[in-house]
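Here is a brief report on one protein chain. Look over the sequence and the structure first, then read on.

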Amino acid sequence: MRAGICDMVAVARIINATLVVPELDKRSFWQDTSNFSDVFDEDYFISSLANDVKIIKKLPKELLTATRAVKHFRSWSGIDYYEQEIASLWDDYQVIRAAKSDSRLANNNLPPDIQKLRCRACYEALRFSPPIEAMGKLLVDRMRAYGPYIALHLRYEKDMLAFSGCTHDLSIEEANELTAIRENTSYWKVKDIDPIEQRAKGYCPLTPKEVGMFLKALGFPATTPIYIAAGEIYGGDTRMADLTYRFPILKNKEKLATDEELDPFINHASQMAALDYIVSVESDIFIPSYSGNMARAVEGHRRFLGHRKTISPDRKLLVRFFDKIANGTMKEGKNLSSRITEIHKRRQGSPRKRKGPITGTKGTDRFRSEEAFYVNPLPDCLCQKESTENGTSSTLIVK
């Protein structure tokens with residue numbers, strides 16, 4: 001969601017256009033009816049960017065019947081594409097509707113002022129609505145009462161597993177259920193996925209059990225307070241049993257707040273995710289089990305605020321260790337701990353030189369080659385064109 005919005009702000013600046021406040025996607029897996037102003041502070045968004053881009057709440061009456069282009073902006077496009085191909089649309093149209101906004105702008109080789117504008121839009125202008133900000137602060141305060149805490153973005157919900165095709169440690173019935181969801185969700189284009197290959201390449205979220213093994217190997221004590229930033233975990237308490245045994249101080253928004261306090265947000269996935277976002281940004285350590293849209297937005301926000309500690313699991317290497325433990329060729333202990341700790345010394349959110357992807361790589365591999373060097377990870381994976389998370393469904397740009 002955030003990545004798409006800040007990209008459209010930058011595009012409006014590039015083509016010298018007025019931006020209409022984006023419409024949020026209401027057709028996603030969770031069918032969230034939230035509007036922009038339900039999630040974000042709309043007036044603050046407009047005023048804070050006033051010196052960079054003119055933003056209006058809705059299309060003026062005189063332009064409601066104006067000639068309009070509906071355009072699918074090309075993914076990961078550079079500034080030349082927008083200055084030449086898209087800007088040329090003004091010759092024939094007064095309004096341009098961007099049908100999709102996620103991953104429309106390249107990460108690299110953009111002018112510094114455009115990159116800085118994206119950061120300001122994403123991490124300063126996109127302030128949550130007052131009710132969400134107040135509830136988020138309350139959750140942070142209550143979490144802090146347990147001491148310094150880890151925010152664990154445990155991306156192990158039904159939609160994520162169905163979308164990614166990851167079925168490790170699931171029953172045949174569960175795997176079949178997830179496959180059926182993927183096949184019946186029309187806007188998820190990839191249907192045939194090899195779950196074994198997917199996991200071996202590091203493209204699957206870590207399971208709750210694997211996360212517990214990972215945290216223990218890194219040396220976190222059992223008394224560490226952990227905030228679970230997630231929706232409903234697939235498999236419920238049974239799936240969480242091993243992680244809970246290792247780290248019993250597990251909290252989430254449902255445990256920290258009353259039903260009455262959460263009632264205004266409970267039926268809106270994007271607003272519930274916003275609460276998790278706030279608690280994650282303010283955590284002492286942030287750890288995502290999967291590098292999806294929200295995880296990357298939080299990591300980028302924490303870098304923007306001073307490179308706060310974020311540990312990014314090397315899933316491709318970790319699953320090799322976990323498989324050896326499962327088949328009895330390796331044991332948990334000092335040897336495993338030292339190896340995992342060493343691997344992750346340079347994956348903790350510290351400043352590093354920004355680099356682009358390795359020349360010649362494409363698709364998912366292109367993104368993975370860039371992952372270890374990406375300093376401000378705003379957009380999500382190139383391969384995830386049918387994101388499972390709420391995004392901006394359309395954006396109007398006015399000359």
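Is D169 buried or exposed? The model is a predicted one, and in this model D169 counts as exposed, at 51% relative accessibility. The cut-off matters here, because exposed means over 50% relative accessible area.

## Overall make-up

The protein has 399 residues, and 56% of them count as buried. Its secondary structure comes to 18 helices and ten strands.

Contacts reach across the sequence. Take the contacts between residues at least 6 apart in sequence: 77% of them join residues at least 24 apart.

## Two residues with positive phi

D169 sits in the loop between α7 (158–164) and α8 (172–184). Its phi is positive, about 70°, although D169 is not a glycine.

W76 also shows a positive phi without being a glycine, with a value near 55°. This residue lies in the loop between β4 and α4. W76 is buried, with a relative accessible area of 14%. The cut-off for buried is under 20%, so W76 qualifies.

Strand β4 covers residues 68–71 and strand β5 covers residues 95–98. The two run parallel and are joined by four bridges. Within this pairing, V70 has R97 of β5 as its bridge partner. Between the two strands, the chain passes through helix α4 (residues 79–86). This β-α-β crossover is right-handed.

## A four-stranded open sheet

Which order do the strands of the open sheet take? The order is β8-β7-β6-β9, and the pairing is parallel. At the edges stand β8 (250–251) and β9 (285–288). Each of these edge strands has a single partner strand, so one side of each is left without a neighbour in the sheet.

Strand β6 (residues 150–153) pairs on one side with β7 (residues 226–228), in the parallel sense, over three bridges. There, I150 stands opposite I226 in β7. Strand β6 also runs parallel to β9, and four bridges join them. In that pairing L152 stands opposite I287 in β9. Along β9, I285 and I287 point one way, while F286 and P288 point the other way. All four of these β9 residues are buried.

T224 is found in the loop between α10 (208–217) and β7. At 9% relative accessibility, T224 counts as buried. Leaving aside neighbours within four places in sequence, T224 is in contact with I150, F247 and I249. T224 and F247 are 23 residues apart along the chain, yet their C-alpha atoms are separated by 6.8 Å.

D276 belongs to helix α14 (residues 269–281). How buried is D276? Its relative accessible area is 3%. The cut-off for buried is under 20%, so D276 counts as buried. Not counting residues up to four places away in sequence, D276 touches Y227, I228, A229, A230, K253 and M294. Among these contacts, Y227 and I228 fall within β7, which spans residues 226–228.

Rolling a probe the size of a water molecule over the atoms shows where empty space is left. How many cavities of 30 Å³ or more does the structure hold? It holds two. The largest cavity has a volume of about 70 Å³. Its lining is made up of Y156, L161, C166, T167, H168, R199, C204, P205, L206, T207, E210 and V319. By class, this lining has seven nonpolar, three polar and two charged residues.

One of the lining residues is H168. H168 is found in the loop between α7 and α8. This is also the loop that holds D169. At 31% relative accessibility, H168 counts as partly exposed. H168 touches Y156, R199, T207, E210 and D323, not counting residues up to four places away in sequence. Of these, Y156, R199, T207 and E210 also line the largest cavity. C204 is another lining residue. H168 and C204 are 36 residues apart along the chain, and their C-alpha atoms are separated by 8.9 Å.

How values were computed:
Residues are numbered from 1 along each chain as its sequence is written. This is a predicted model: local features need pLDDT of at least 70, side-chain atom pairs count only at pLDDT 80 or more; totals for chains, interfaces and linings use all residues. Side-chain values use heavy atoms; hydrogens and water are left out. Two strands pair if DSSP finds at least two bridges between them. A crossover is right-handed if, with the strands pointing away from the viewer, the path from the first strand over the helix to the second runs clockwise. On a 1 Å grid over the protein atoms alone, a cavity is a set of points where a 1.4 Å probe fits but cannot get out, and a pocket is an open set with protein on both sides within 12 Å along at least five of seven lines; lining residues have an atom within 4 Å of a point. Grid points are joined across faces, edges and corners, and a volume is the space filled by probe spheres set on the points. Ala, Val, Leu, Ile, Met, Phe, Trp, Tyr, Cys and Pro count as nonpolar, Asp, Glu, Lys and Arg as charged, and the others, Gly among them, as polar. Buried means under 20% relative accessible area, exposed over 50%, partly exposed in between (1.4 Å probe, protein chains only). Contact means heavy atoms within 4.5 Å.
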